[in-house]
Amino acid sequence: MALARTRRDSGLNYWPGFVDALSTLVLGIIFLLTVFVVVQFFLSQEVAGKDTALTRLNALVASLTDQLALEKSSKVSIEDDLTRMRASLAGAENERDRLRSAAQAANPDAGAAAAAQSRIGDLGTALDSQKQISARALAQVEVLSQQIEALRRQLAAVQVALDSSEKTGQAAQEKIGELGQRLNVALAQRVQELSRYRSDFFGRLRAILGERPDIQVVGDRFVFQSEVFFDAGQATLRPEGKLQIDKIAGVLGDLEKQIPGDIAWVLRVDGHTDVRPIASSQFPSNWALSSARAISVVQYLMQKGISPQHLVAAGFGEFQPLDTSNAEEAYRKNRRIELKLTER
């Protein structure tokens, strides 16, 4: 017993350094994700504000464009009225000149001269009125021209602000994309490094458990044939199975001490059976048997000092087979217990 304990203790000397490196790697990944989320939040807020400003500016541009169109229409209408007034004024001046000429030619006829003179006075009054109206129209045209020019300047300023906002929004989007690319590269590097640590972890645990055909490492899981732990149709751990779990509990207990408390992790114990039905008073279905076996492993690990917060038991019955054939070898493969170290 002393020799076996000495061999097992010597096999665990590598764990503190390994767990420290793995914990540092996980914390680095969490830090990168936190920085990315915070930066993306602020950039998203900035982009959202720019979108709101762009919407307001576009609405203002549309309003100013409508006002400019109305002002231009009013200016054209007034200019048309002014043209008609000038034509009328020219006609009245021509009529006045004609009447004066007629009055001078008909000077001997006092009555005709008086009528012509009266007519000339009326035309002069009408001409003065037309001139006043023309002056007012010209003043309105000048005011409208100034308003149109002011609207054009305002529209140009809004367009400049709109272009600036679009450039700022585009720059923010490019910054978000660049940040995402850099984070993806960093995460890819971290994931590759984490994969190397995990491969090393499984390799060392495999060395501790020994080279046995009934224990396999499949991806990120340890797969044990049920016969390693249990007799057929039973959920009580065999003494040989407890010895294997003792080795796992030693490694897991050391790992539990090294992993920081803010990292949520669990060892998931999955029970599986073959497709052949079981119907006993203790286990009415394969689902009940697979769950009971997973619970037995978890309870034994708890007896060995593993915190129940880091243990999960799950039963899958016959519904996730590794081999779907009806051969005895397929049944043996499908009767298994799987251990997986994963996030909670």
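# Reading the labels in a predicted model

The protein has 7 helices and 5 strands. Helices (H or I, at least four residues) and strands (E, at least two) are DSSP runs, numbered from the N terminus. This is a predicted model, in which local features need pLDDT of at least 70 and side-chain atom pairs count only at pLDDT 80 or more, while totals for chains, interfaces and linings use all residues. Residues are numbered from 1 along each chain as its sequence is written, and side-chain values use heavy atoms, with hydrogens and water left out.

Q: In what order do the elements of the protein run from the N terminus on?
A: The order is α-α-α-β-β-α-α-β-α-β-α-β.

Q: What makes the contact between R238 and D231 a salt bridge?
A: The rule asks for a side-chain nitrogen of Lys or Arg within 4 Å of a carboxyl oxygen of Asp or Glu. The side chains of R238 and D231 meet at 3.3 Å, N to O. That is within 4 Å, so the pair is a salt bridge. The whole structure has 11 salt bridges.

Q: Why does R238 count as partly exposed?
A: Buried means under 20% relative accessible area, exposed means over 50%, and partly exposed lies in between (1.4 Å probe, protein chains only). R238 has 23% relative accessibility, so R238 counts as partly exposed.

Q: What makes R335 and D274 a salt bridge, and which parts of the chain does the pair link?
A: The N to O distance is 2.9 Å. R335 is in the loop between α7 (328-334) and β5 (336-343). D274 is in the loop between β3 (265-272) and α6. The two are 61 residues apart. Salt bridges that share partners join E227, D274, R276, E328 and R335 into one network. Both R335 and D274 are buried.

Q: How do you know that the span of α6 is close to the expected one?
A: The expected span is 1.5 Å times one less than the number of residues. α6 has 18 residues, and 26 Å is expected. From first C-alpha to last, α6 reaches 26 Å.

Q: What do the buried residues of α6 pack against?
A: They pack against α4 (226-229), α5, β3, β4 and β5. Contact here means heavy atoms within 4.5 Å. Among the buried residues of α6 are L289, V297 and L301.

Q: Why are β1 (215-218) and β4 said to stand at the edges of the sheet?
A: Two strands pair if DSSP finds at least two bridges between them. The 5 strands form an open sheet in the order β1-β2-β5-β3-β4, with mixed pairing. β1 and β4 each have a single partner strand, so one side of each is left without a neighbour in the sheet.

Q: How do you know that β1 and β2 (residues 221-225) pair?
A: They share 4 bridges, in the antiparallel sense. The rule needs at least two, so they pair. Q216 stands opposite V223 in β2.

Q: Why is the F229 and F230 pair called edge-to-face?
A: Rings of Phe, Tyr and Trp (its six-membered ring) pair if their centres lie within 6.5 Å; planes under 30 degrees apart count as stacked, over 60 as edge-to-face and the rest as tilted. The F229 and F230 centres are 6.1 Å apart, with 70° between the planes. The angle is over 60, so the pair is edge-to-face. Both F229 and F230 are buried.

Q: What makes the W287 and F319 pair tilted?
A: Their centres are 5.0 Å apart and their planes stand at 50°, so the pair is tilted. W287 lies in helix α6 and F319 in the loop between β4 and α7, so the pair ties together parts 32 residues apart in sequence. F319 has 52% relative accessibility, so F319 counts as exposed.
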